[in-house]
Amino acid sequence: MNKKQKKMLARIILSAVLLIIFKLLPVENKYVELALFMVPYLIIGYDILKKAVLGIFNGQVFDENFLMALATVGAIILGEYLEGVAVMLFYQIGELFQSYAVGKSRKNITELMDIRPDYANIEQDGKLVQVDPDEVEIGTVIVVQPGEKVPIDGVVTQGASSLNTSALTGESLPREVKAGDEVISGCVNLSGVLYVKTSREFGESTVSKILDLVENSSMKKSRSENFITRFAKYYTPAVCIGALVLALLPPLVNLLLGNPAAWSKWVIRALTTLVISCPCALVISIPLSFFGGIGGASAKGILVKGSNYLEALSETKYVVCDKTGTLTKGVFEVTHIVPVGDMPKEELLRLAAYAEGYSNHPISRSLKEAYGQPIDTAHVQDVEEISGHGVQAFVDGRCVAAGNAKLMESLKLTCEKPKEIGTQVHVAVDGSYAGYILISDVVKPNAAAAIMGLKDAGVNQVVMLTGDAKPVAQAVAKELGVDVVKSELLPADKVTEVEALLAKKGAKEKLAFVGDGINDAPVLSRADIGIAMGALGSDAAIEAADIVLMDDDPAKIALAMRISRKTLRIVHQNIVFALAVKFACLAFGAVGYVNMWWAIFADVGVMILAVLNATRALRS
């Protein structure tokens, strides 16, 4: 508990003890009894009375503070001292419980906010100096010691360590980094000292963008929240008018009929309906449910920019995915080495890697990474780049040609046609065909499970859009179980395809687009829900998206949908439960079957139960 909550708990205990003592005291004089009961009443309710008075002066009359003040003051005026104090006491108990529950539900968001770095270390005159991260310019080398947060995005220039990325991605396994690796702000350095050359200003770094997304998420309200806001706006004044009519009309009718007016009986009933009518359970629990859902999602590395997007996710029936970087790793890797004759696989790869040793082409880098050993250029002579074909060089005195099928044709060699899909690097040694190496954009390990998870979550159609060649796209789609695949598309073509799907879907169905590249930004904005891969994705895609997956795991989309639907179920449960109990108690209260104690349950009890139910949204 915080200080404010502890202070409120002390007030509750003190007023409850005084209430019990004064109830047990044999006091005969009404004025003495009133004076005694006013002590616990003012201890527990002075802030509610103050807020009610300020609300009247500020034009915000019909709120829960006004209802509580009116009901309890009215009860005390009618001589119901115990009920008046008890209503205020139990209301404050409910408020304390709600405050504590909100604090618990904010825990995930608060932990996320803890990624904000307080300082950055810069080396000056051989000493480390702590400076404000905002003051660090791009290209500055900062030092991150064990236990410290990485304050700004950059590239490791020196050192090796493990990084805890759980606050960003929800993943518990640490990430190993070394010189040359990119690191993002918000990660915690676990072991070695890292020297990081900053690639962005602090305001543009990952941690700043995440904090901005979270802090502004409450600005975008769901339809359910907007409904409750509008409902409370009309409901509370209507109930106050109804209570006034209940207090005045029956006594006046009794007088006209020549019967006793029974003013106190009807005024107490009116006050009871005021206590019952307080819409706290709805006004508090509905936003709390969405806040819990967003907090629970953030703990899993899913950033939702507003409760409106969380609500829309539950209605998603079409999911359109980009291929490269979304369903595949977006990094070319050697997937097959197929030698001919007695050539060993290792030797075929070594010769190809040495021949490509001087090139920085992505294919060349893939060959060198697969080889995994330093390239000693002393072994390579007479390197010749053959534009559009490949490369030819002498490796340890042997003539090695590595390139595409056209290069083999120019050497008058017949090359094998691979059965697998991918970029082919054919290799000839001393004028003889030696085999081929296949390089592919590797499918993410859990991509197939992600597609299956989407279908299990009720998605009608999963569509893949890509600029890749048709055979590659179809092979990936078949491997993953994608329903529809469109290949060889330009960015504008992707927008056209999404617009065609938007026109086709039902009015209550939503379409989500998942992408990671800068060319995905237009279609992310066009879809009902844009989902961006946040760890490796471009800034433009993250800015345009409504939901960001911090660890680039496509399986998190189905998880986000489950969180969304669970949150909506909780919201609907709270709305139905609160309104059913409220209206039932209002009806019984108006005819005298419900007294002030039942009114306390209808208000505080329902609020506590609704808040308890809302906190379930945190557990995904």
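Predicted model: local features only at pLDDT ≥ 70, side-chain atom pairs only at ≥ 80, totals over all residues.

Residues are numbered from 1 along each chain as its sequence is written, and side-chain values use heavy atoms, with hydrogens and water left out.

Helix α1 covers residues 3–24; helices (H or I, at least four residues) and strands (E, at least two) are DSSP runs numbered from the N terminus. The 22 residues of α1 reach 32 Å from first to last C-alpha, close to the 32 Å expected at 1.5 Å a residue, where the expected span is 1.5 Å times one less than the number of residues. Its buried residues are Gln-5, Met-8, Arg-11, Ile-12, Ser-15, Leu-18, Leu-19 and Phe-22. They lie on the same side of α1, because they cover an arc of only 155° around the axis; the arc is that of the directions from the helix axis to the C-beta atoms. An α-helix has 3.6 residues a turn, so residues three or four places apart point the same way. Buried means under 20% relative accessible area, exposed over 50%, and partly exposed in between (1.4 Å probe, protein chains only). The face of α1 turned away from the buried side carries the exposed residues Lys-3, Lys-6, Ile-20 and Leu-24.

Leu-9, also in α1, counts as partly exposed because its relative accessibility is 33%.

Strand β12 spans residues 328–339 and includes Thr-328. Thr-328 counts as buried because its relative accessibility is 0%. Leaving aside residues up to four places away in sequence, Thr-328 touches Lys-323, Asp-441, Val-442, Val-443, Lys-444 and Val-476, contact meaning heavy atoms within 4.5 Å.

Val-476 is also one of the buried residues of helix α16 (residues 470–480), with Ala-473, Ala-477 and Leu-480. These cover an arc of only 100° around the axis, which puts them on the same side of α16. They pack against β12, β17 (432–443), α15 (447–456), β18 (461–465) and β19 (484–486). Exposed Lys-478 and Glu-479 are on the face of α16 turned away from its buried side. Just after α16, Gly-481 takes a positive phi of about 85°.

Helix α20 (residues 556–590) contains Ile-575, which counts as buried because its relative accessibility is 13%. Ile-575 and Ile-286 are 289 residues apart in sequence, but 7.8 Å apart in space, C-alpha to C-alpha.
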